[in-house]
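Please look over the sequence and the 3D structure shown here. A short report follows.

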Amino acid sequence: MNRLAGFLLATSVVAVLFGPPLYAVWAAAIAIVAAWILDPPALRAGLRVGAILAIVFAASITAGVVAWAAGPQRGIETGGMVMLRLLVLTVGAAVLVRSVNAETLLRMTRKIGMERLGLVLGLALNSLPRLAEAAADVWTASRVRSDGAVARLRRLPGVGEVLLSHTARIAEEAAAAASLRGHSALTRPGNTLRSPVRVVVVTGPSNSGKTEVVTTVAGQLQSVGVDVVGFVQPGELLEGKKVGFRLRDLASGQEAPLASLSERDDGDFGTRFQFSDGGFRLGREALSRTAPDSVVIIDELGPIELRGQGHMPAVRKALAVADLGGAMIVVRRSLVPSLLAELDASDAVVIDVESEGGRSVDVIIDALGARILVG
Amino acid sequence: MKDARPWTYAALFGTLWGAIEATLGTAVHLGKLPLRGTIMGLAGLLCLICLRRLQPRAGVCLLAGVVAVFLKIFTLGGLYPGPIIGICIQALALEVALTGTGGRAIGAAIGGFVALATNPLQKLVTMWVVTGTEAVRSYLRLLQESAAAVGLEGLNPTVIITTVATATGAVGAAGGLWAWWVAGRVMRRLGKRS
């Protein structure tokens, strides 16, 4: 359905740009329906009152000029055509802008052997909010320092100069981040994850048994009366290949499907997997039980969460609970630097289950701290 | 690990340029403000020349252009060919001019001239795609009538467009030198030798 809607939207854009006027009316209607099927929030964002007014204004100006040169009839026709074209282009751009993120770009450019370009474009996307913030600060400072519009206008070159300096400073910071944490750091947006307790970060290569280790740790803690909340995400294998994930609530034992491999490579969040709302809902429920002295276990946080999506809002809430007993987060090795960069915890320790081997469970329990064992 | 600064600078200055194009550019184009191409061209010159003075490496202007096009594509204005062509020409002109002159001020002036002189042509291409042949004819007639109103009757539209292109090119050359001067101030502000 989504693929058909995408095709119809693309066809509408072509038809409205190059087709005769009659096609443009149909193209506009089809584009709106297709965008609504594909991404209703994008359609709402694209067709804001301001955007519609701007389209009407631009079409009216064109209609006026053509009416003056070729008569009122031609003016109305051309103005109508311009309005339809702008409408379809707005809808198309709104859907396009929400379907691209840094991770998707990196994956796409890797496929064509241009990873650096992907990193640069990813950095461009991620730095937009920071630049906007800098621009707003510079503008506010200029307004405070100048009386009236004329004075503000005089200060405009200075405002540009300061903004360019800020841009250079952000570029320096990004370069430093790339040097410290690897170039992949450039694609990660900042999502500070606050935790009042030590966070035990469990990592290891794919299929190294991270989930089994974490499940064993949870079981041992529960057996001595520790309140364990959170979830694990065991993978679903088919002929040795990972085809999906389930989410298991550690407190209730309840399970729900979380993700399944997309056959058509049109997964959610720019991944190969399609995610289910039920899985995220169960994850939220599991984390909502967090109370003082609970040990929070999160298996696992991936690129989606490090972009602030998926489980991340629920994780943030859970880790913010006062007097937590402990916190354990599972991430793949490549994401450890990004997670550590975003953690604002009192303490953190990284445990690699491959390096620790059979001692992993004991090492994790030790790392979580004696307070839990007493509890 | 290699120095990532040329990449991050190109990304950030391209982002700034793309963001200006996507916000201010879209607003001035939809509002049909006069001299909109020149205003946006000067903004681009400022970003590119500043970038090139801060990171004097061949290719940074082109990369910043790619980033700006990428950001522009995701906006209403980005789906017209005119601004996209404009950004590409501007990045290419500055890259060639500054590399060819060894990163000197004269390169900024030449690049600025070429970048802004092509504006009237971009305008015609955009108009043809967005509004069709009728609007282009009306626009050319409007140019002729305007020229006639100031006593230049019977002028060919090509002559008018060439004159306009030369005039905007001259503004571009001056803008390039101004951007060079601003970039020097930015460098001093950042504690770099200009």
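## Helix 3 of chain B

Helix 3 of chain B covers residues 60-73, and at 1.5 Å a residue its 14 residues should span 20 Å. The C-alpha atoms at its ends are 20 Å apart, which agrees. These coordinates come from a predicted model.

How many of the 14 residues of helix 3 of chain B are buried? The count is 12, so the helix is largely enclosed by the rest of the structure. Among the buried residues are B:Val60, B:Cys61, B:Leu63 and B:Ala64. The buried set also includes B:Gly65, B:Phe70 and B:Lys72.

## Helix 2 of chain B

B:Ala43 sits in helix 2 of chain B, residues 36-54. A residue needs 20 or more C-beta neighbours within 10 Å to be buried. B:Ala43 has 19 inside 10 Å, so it counts as partly exposed. B:Trp17 is 26 residues away from B:Ala43 in sequence. In space, their C-alpha atoms are 7.2 Å apart.

## Chain A

Chain A has 375 residues, and 41% of them count as buried. Its elements are 16 helices and nine strands. Take the contacts in chain A with a separation of 6 or more: 65% of them join residues 24 or more positions apart.

Helix 12 of chain A spans residues 312-319. Its buried residues are A:Ala314, A:Val315, A:Ala318 and A:Leu319. Seen down the helix axis, they fall within an arc of 125°, so they line one face of helix 12 of chain A. An α-helix has 3.6 residues a turn, so residues three or four places apart point the same way.

## Contact between chains A and B

Chain A gives 43 residues to the contact, and chain B gives 43 residues. On the side of chain A that touches chain B, the elements below give two or more residues.

| Element of chain A | Residues |
|---|---|
| Helix 4 | 49-70 |
| Helix 5 | 72-98 |
| Helix 7 | 115-145 |
| Helix 8 | 148-181 |

Helix 8 of chain A supplies the largest share of this side, 13 residues. By class, the side of chain A that touches chain B holds 29 nonpolar, 10 polar and four charged residues.

## Confidence

The mean pLDDT of chain A is 81. Of its residues, 89% reach 70 or more. Where in chain A is confidence lowest, and where is it highest? It is lowest in helix 16 of chain A, residues 370-374, at a mean of 47. It is highest in strand 2 of chain A, residues 228-232, at 93. Where pLDDT is low, the predicted coordinates should not be read in detail.

Methods:
Residues are numbered from 1 along each chain as its sequence is written. Chains are lettered from A and ligands numbered from 1 in the order in which they are written. This is a predicted model: local features need pLDDT of at least 70, side-chain atom pairs count only at pLDDT 80 or more; totals for chains, interfaces and linings use all residues. Helices (H or I, at least four residues) and strands (E, at least two) are DSSP runs, numbered from the N terminus. Two residues are in contact if their C-beta atoms, placed from the backbone, lie within 7 Å. Ala, Val, Leu, Ile, Met, Phe, Trp, Tyr, Cys and Pro count as nonpolar, Asp, Glu, Lys and Arg as charged, and the others, Gly among them, as polar. The expected span of a helix is 1.5 Å times one less than its number of residues. The arc is that of the directions from the helix axis to the C-beta atoms. pLDDT is the predictor's confidence in each residue, from 0 to 100.
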